[in-house]
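Subject: Structure for your review

Dear colleague,

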Amino acid sequence: MLALLLPFLSLLGLFTTHASATALTYKLVPNEKECFYTHIEKPGVKIAFYFAVQTGGSFDINYAVYGPAKEAGKERVVLDGEKERQGDFVFTANEAGEYRFCFDNNMSTVSDKLVDFEIAAGYLIQVENEARSSLPQKAGATPEQLSGVEETILKLSGQVSTLVRQQKYFRTRENRNFSTVRSTEGRIFRFSLLESGLMVAMAALQVFIVKMFFTGGRKGYV
């Protein structure tokens, strides 16, 4: 039993050591630009970048990812886009150094934007490959047993990643739908106030006209 657990513990150790992720939620006010940084120790590391605008305006944002500058004062653009609602990217860091992930809300002059994003360095693909090659081959179990446990763990890991991404997608849809419902409720409330005000104004105008009619009739008799 202990021999079968050793590959599992080794794989967990590799995931803990090589993979690092940062999930944040940030609120950008109108005309604000904000950047976040991650440092890559060696070239060839997979970086996963995910973002989704949860609330605000048309749920869009400008984004850009910059790599280490080869020359002073010149930044290398890895990814960029304008007025995007969400994005899910995986790219290879070909150079070691600092990578910058920026969000820009310059297109908005009124609405705040709530952005949910995640930056994962040492992405799952690389970790799985390293884990597959680093599992102990002699731990009291046959190679067939090790291979079966290894494949099961990696399959479960992939399924968990899929579930996490689906949860992010449904969370984004829920937040956007809730924002739309709240905006619709506000419009209905304002329209109801306007309608009530018009009804009161029309009633007052009718009373005033009728009063003028009878007042004018009495003056004619006098």
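A residue is called buried when its relative accessible area is under 20%, exposed when it is over 50%, and partly exposed in between. Leu 205, at 48% relative accessibility, therefore counts as partly exposed. Leu 205 belongs to helix H3, which covers residues 143–221. Together with Phe 208, Ile 209 and Met 212, Leu 205 forms a nonpolar patch on the surface, and the accessible area of these residues together is about 420 Å².

Please note that the model is predicted. The chain has a mean pLDDT of 77, with 73% of its residues at 70 or more. Confidence is highest in strand E7 (residues 97–104), at a mean of 92, and lowest in helix H1 (residues 2–18), at 43. The pLDDT is below 50 over residues 1–19, a stretch with 32 contacts in the model beyond near neighbours in sequence. Residues 124–128 also stay under 50, and the model has 16 contacts for them beyond four places in sequence.

Salt bridges

The count comes to 2 salt bridges. In one, the side chains of Asp 112 and Lys 27 meet at 3.6 Å, N to O. Asp 112 lies in the loop between E7 and E8 and Lys 27 in strand E1 (residues 20–28), so this pair ties together parts of the chain 85 residues apart in sequence. Asp 112 is partly exposed, with a relative accessible area of 29%.

Asp 60 forms a salt bridge with Lys 113, and their closest N and O atoms are 3.2 Å apart. This pair also links distant parts of the chain, as Asp 60 is in the loop between E3 and E4 and Lys 113 is in strand E8, 53 residues apart. Asp 60 counts as buried at 12% relative accessibility, and Lys 113 counts as buried at 2%.

Two further buried residues

Asp 116 is found in strand E8 (residues 113–121) and is buried, with a relative accessible area of 10%. The side chain of Asp 116 makes a polar contact of 3.4 Å with the side chain of Thr 25. Beyond four places in sequence, the contacts of Asp 116 include Tyr 50, Phe 51 and Arg 171.

Phe 59 sits in the loop between strand E3 (45–55) and strand E4 (61–71), and at 9% relative accessibility Phe 59 counts as buried. Among the residues that Phe 59 touches beyond four places in sequence are Glu 84, Arg 85 and Arg 176. Phe 59 and Ser 111 are 52 residues apart in sequence, with their C-alpha atoms 9.7 Å apart in space.

Yours sincerely

Methods. Residues are numbered from 1 along each chain as its sequence is written. This is a predicted model: local features need pLDDT of at least 70, side-chain atom pairs count only at pLDDT 80 or more; totals for chains, interfaces and linings use all residues. Side-chain values use heavy atoms; hydrogens and water are left out. Patches are made of residues with over 30% relative accessible area and no salt bridge: like charges are joined within 9 Å, nonpolar side chains (Val, Leu, Ile, Met, Phe, Trp, Tyr) within 5 Å. Accessible areas come from the Shrake-Rupley method with a 1.4 Å probe; for residues, only the protein chains shown count as cover. A salt bridge is a side-chain nitrogen of Lys or Arg within 4 Å of a carboxyl oxygen of Asp or Glu. Helices (H or I, at least four residues) and strands (E, at least two) are DSSP runs, numbered from the N terminus. Buried means under 20% relative accessible area, exposed over 50%, partly exposed in between (1.4 Å probe, protein chains only). A polar contact is a pair of N or O atoms within 3.5 Å; within protein, one must be able to donate a hydrogen and the other to accept it, and residues adjacent in sequence count only if both atoms are side-chain atoms. Contact means heavy atoms within 4.5 Å. pLDDT is the predictor's confidence in each residue, from 0 to 100.
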